[in-house]
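Me: I have a structure to go through and have not seen it before. Can you take me through it?

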Amino acid sequence: MSNIDRRTLVKGSLAALMAGAAFSRAALAQSSEPILLGVSGPLTGPNAQYGTQWKQGFDLALDEIEAAGGINGRKLAYNFEDSQSDPRQSVAIAQKFVSDPRIVMELGDFSSPASMAASPIYQRGGLVQFGFTNSHPDFTKGGDFMWSTSVSQADEQPLLAAYAVKRLGLKKLAVLHLNTDWGRTSRDYFVKAAKEHGAEIAVTEGYIAEERDFRSTLVRVRDANPDGLILISYYSDGALIARQARQVGLKQVICAASSVYSPKFLELGGEAVEDVHVGTRYFPEDPRPEVQTFIAGFKKKYNGVEPDAFNAYAYDAMNMAAAVVRIGGADRRAIRDAFTKVKDVSSVIFGKATFDVESRRVKGAMNAELVVRKGQFALWDGKPT
Amino acid sequence: MSSWLDYTINGLIVGNVYALVAVGLALIFGVSRLINFAQGSIYLVGAYIGWVAVVQLHTPLPLTIILVAVAAALVGLIIERFGLRPLQNSVRIAPLLATIGISFVLDQLVMLTFSPNPRALPSQLPDVRFQIGGGTIGPLDLLIAGVGLTSALLLFVFLRYSKLGWAVRATAQDRDAAMQMGVDVNRVNQAVFGIAAALGGVSGLLVGMYYNQIDTAMSLQATLKGVVAEVVGGAGNVPGAVIGSLLLGLVESYGVAVFGTSYRNLFAFLLLVVVLVLRPNGLFASARQAPPEPLTGTFIAPSRPVWIPRWALLIAAVVFAILPLLPVSFYVLQTLINAWLLGMLALSLTLVAGTIGQVSLGHAALLAIGAYTSALLSLTFAVPVGLAIIGGGLMSAALGTALISPSFRLRGHYVSIATLAIGEIVSLVILNWESVTRGPIGISGIPPLSLFGYELVSPISIYWFSFIVMVVLALLQGRLLGSHLGRSFRAIRDDDIAARAYGLSLNRYKSLAFIFGGFAAGVSGGIAAHLYSYINHETFNTQQSILALTVVILGGLGNVVGAILGAVALVGLPEVFRIAAEYRILIYGIVLLLLVRFRPQGLLGTV
């Protein structure tokens with residue numbers, strides 16, 4: 001840590017105590033240092049993989065922002081604090097960010113307990129908590145400083161239900177879902193929409209995140225005799241279920257939520273994920289320029305590695321942050337207000353993202369209907385499998 | 001009806017997978033009386049070495065297995081030589097804690113080398129499948145079963161008929177006597193660790209191939225399931241571990257069949273508790289085996305506690321009390337709030353583990369009970385927050401004691417395993433009891449802390465509130481320990497047979513300790529719930545229980561001031577290492593190992 005840094009830090013914490021936000025704003029305006037965002041997320045612990053994926057997405061976006069001249073000439077940077085997605089650590093990080101005047105807004109955390117435990121601190125501290133993987137229905141109810149670009153499951157699941165029931169003609173469904181707040185909320189929206197389309201839900205099974213063995217669950221599914229399996233899973237558990245479904249002799253059509261969209265899904269699932277249908281927010285062959293720029297940039301920066309959904313969320317979140325900071329400047333409150341003003345921000349997930357001021361979320365996710373063919377995701381050509 | 005055949009086959013298949021880990025655990029327990037929490041990490045290391053061999057070196061399967069076995073055995077030898085042998089003559093709990101530290105270090109090293117992204121580990125066996133019942137089994141299923149059964153059989157023969165095997169068994173029965181008879185105990189230990197680690201590594205490889213998936217988070221689950229299987233079969237009994245694993249697999253599979261997937265692990269841990277209650281040494285404990293831990297006090301280090309003068313404590317209390325008036329950042333205050341909350345939990349655990357000798361690995365369950373009770377009381381019944389927190393404490397005291405009471409007749413490591421299971425059961429009940437706990441959605445909108453109508457929302461007021469609560473609890477506990485009751489507690493810890501002979505009712509005193517301890521932990525959980533405003537079943541997890549145990553051992557068992565000091569240190573250390581980002585848990589693990597190595601009786605010593 002350089003001298004200047006330390007001095008600003010000491011000055012900053014004194015400022016927060018003695019004169020509150022006004023003083024710190026003045027201190028910031030004078031500095032020529034980068035505009036700093038705080039990130040609270042997992043770099044170690046069981047969710048560490050998502051934190052590393054975030055970093056990749058952030059760094060790519062920052063490269064592009066800097067190449068385009070930064071934020072009114074200033075650099076944008078972030079300070080990534082490892083929370084392990086543990087609420088005890090995320091609240092401490094929240095205090096750290098709130099009392100650090102250099103931080104103008106916060107991104108994260110990953111899981112709902114870690115994010116929502118920190119929300120009251122961000123709300124009281126007047127620092128925007130911008131959660132981009134927080135689909136818990138109550139996340140943005142934490143206050144007017146909570147904003148999210150995480151696709152509301154109320155938006156996404158009906159699209160998946162339409163794909164499965166109307167397009168693929170599946171009438172009797174088995175739903176397997178991750179038994180977390182995300183999985184449960186998604187399942188409820190999916191079941192509601194599927195029933196509206198006239199499908200019957202034969203069985204729903206919730207499994208915990210650490211589960212590796214699904215064979216007995218799948219026997220239960222087989223006995224319910226559905227004509228399609230719906231997976232509300234992440235890519236690793238989704239791949240496991242698909243493999244084991246084939247091993248216990250299930251041949252039904254499998255249809256999965258966008259969260260399995262990852263090259264890893266193909267790698268981990270192997271032949272078992274062939275013909276799996278996926279409703280997704282983006283995919284590489286989508287001709288939209290937002291998507292193509294993102295994928296080309298990502299492959300170039302990371303030696304040809306294909307990006308996945310979590311990379312895209314992080315990339316979008318950083319771009320959104322830049323757009324908001326461009327309007328709001330380096331002022332925390334102005335940044336909060338800027339969320340109501342940003343319009344049509346270029347986005348991989350949404351095409352053009354604009355916030356719904358009531359729900360503080362973005363509406364209208366894009367949806368591409370994909371199917372795995374010859375080990376690759378491809379646009380579904382309308383032919384049954 | 002045909003489905004029952006499928007459930008049975010599936011149960012046996014996954015049971016085989018558990019057996020691979022459980023056999024290694026049983027072997028080590030048999031000789032060292034040690035539950036090796038690093039076994040899952042060796043399994044992880046084996047999986048990644050296998051990945052390098054298969055994907056990068058393209059070795060054929062037999063060579064892959066040999067490579068993994070040799071490399072994992074080396075890791076095992078290193079662990080034994082440098083991690084555990086130096087702890088031979090220290091307290092029983094020290095090597096247990098060391099294995100937890102070693103598992104942190106190994107997991108982090110693998111993660112830093114290979115990144116936390118999951119990888120595919122392709123099976124090197126042909127993908128043919130045989131129809132059995134409604135499902136199929138493949139060559140890998142058979143290989144896993146073969147390896148599990150063969151290794152158990154070989155080990156059995158080795159232990160029964162070879163000279164080194166005799167030495168192993170002699171060491172297991174009575175280490176000192178074996179030494180006097182000329183057995184090279186160190187060599188025996190080395191051999192056992194090498195064999196167990198080789199097995200652990202190969203199991204990681206095979207399980208990785210079975211699921212075509214390996215990731216750095218797989219070690220804790222493997223350890224948990226392996227420990228359950230091993231203890232069900234009778235700790236230290238190698239064939240018992242295989243049967244315990246198969247039984248565990250079957251119970252899980254039938255549990256899913258009858259009640260659905262979300263209850264799966266619930267049945268695994270219930271099985272463990274039932275077995276421990278009915279047969280405290282596991283299903284296949286041999287009748288000739290000496291009781292594993294004759295005295296509960298064997299966990300406790302003989303040491304003279306560091307005497308801290310009263311005035312020094314007073315000064316420390318005053319300094320911490322006026323801290324918010326000094327120019328310190330809210331981040332420091334928040335970190336200390338976390339330390340005070342952990343301190344309350346540690347007080348609770350140091351009372352039951354340190355003073356009365358019941359080591360608990362499921363203490364987070366008490367937090368969860370307190371948190372949910374307090375949150376629901378204030379949300380659903382509009383009870384004022386202050387009273388709701390007290391309600392949370394009382395509920396933890398009552399329910400926690402009731403849940404734990406069946407384990408009062410257990411001894412030694414079995415107590416910690418039973419409490420581990422109870423911790424998991426509470427978490428799974430919270431996940432599944434949706435009408436009350438709201439299941440995975442969790443409880444949001446919990447009102448903030450308040451006292452007499454004043455909301456405590458600023459970090460300073462929360463700091464004072466939690467600090468005062470902790471100090472009051474600590475003073476009460478200090479008073480308790482100094483009383484006649486406290487001496488009775490310690491008498492039970494030091495020699496329960498003598499204590500019983502003297503007329504002390506063990507169960508009644510253990511209950512009293514758990515009631516007080518449960519209250520402190522419940523209050524801590526209740527405050528946390530109002531502080532976070534959102535809780536779900538993952539908020540208070542096994543890692544929290546392990547952290548609490550680490551804190552009390554670090555501070556000195558039974559030592560009130562030590563518990564608080566330990567809490568400040570263990571909340572503070574990761575924060576201090578925060579700048580080290582991905583490396584901080586690695587550093588934390590190493591610091592933990594060094595502490596166990598050089599100060600096994602804790603910083604302030606056992607009281």
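Reply: One definition to begin with: a residue is buried under 20% relative accessible area, exposed over 50% and partly exposed in between, with a 1.4 Å probe and protein chains only. This is a predicted model, in which local features need pLDDT of at least 70 and side-chain atom pairs count only at pLDDT 80 or more, while totals for chains, interfaces and linings use all residues. Residues are numbered from 1 along each chain as its sequence is written, chains are lettered from A and ligands numbered from 1 in the order in which they are written, and side-chain values use heavy atoms, without hydrogens and water.

Me: How many salt bridges are there over all chains?

Reply: The whole structure has 29, where a salt bridge is a side-chain nitrogen of Lys or Arg within 4 Å of a carboxyl oxygen of Asp or Glu. In one of them, B:E434 meets A:R184 at 2.3 Å, N to O. That pair crosses between chains, from helix α17 (residues 434-437) of chain B to helix α7 (residues 181-196) of chain A. Helices (H or I, at least four residues) and strands (E, at least two) are DSSP runs numbered from the N terminus.

Me: Is B:E434 buried or partly exposed?

Reply: B:E434 is partly exposed, because its relative accessible area is 32%. A:R184 counts as buried, at 10%.

Me: What does A:K192 pair with?

Reply: A:K192 forms a salt bridge with A:E196, at 3.7 Å from N to O. The two are four residues apart in helix α7 of chain A, so about one helical turn separates them. Both A:K192 and A:E196 are exposed.

Me: And which residue does B:R264 bridge to?

Reply: B:R264 pairs with A:D213, with the closest N and O atoms 3.0 Å apart. This pair also crosses between chains, from helix α11 (residues 264-278) of chain B to the loop between β7 (200-207) and α8 (215-224) of chain A. B:R264 and A:D213 are both buried. They belong to a network of salt bridges that also links A:E211, B:K225 and B:E252.

Me: Change of topic. Which residues touch the most other members of the largest nonpolar core?

Reply: They are A:L37, A:F58, A:M105 and A:F130, in a core of 326 residues. At least three residues of this core come from each of domain 1 (35-151 + 288-353) and domain 2 (154-280 + 368-379) of chain A. A nonpolar core is a set of buried Ala, Val, Leu, Ile, Met, Phe, Trp, Tyr and Cys residues joined through side-chain atoms within 4.5 Å, and the domain bounds come from an automatic or database domain assignment.

Me: What is A:F58 in contact with?

Reply: Leaving aside neighbours within four places in sequence, A:F58 is in contact (heavy atoms within 4.5 Å) with A:V39, A:Y78, A:F80, A:L107, A:F132, A:A314 and A:M318.

Me: What about B:S115, what is its phi near?

Reply: Phi of B:S115 is near 65 degrees, again positive in a residue other than glycine. B:S115 lies in the loop between α4 (93-114) and β1 (130-132) of chain B, and at 26% relative accessibility counts as partly exposed.
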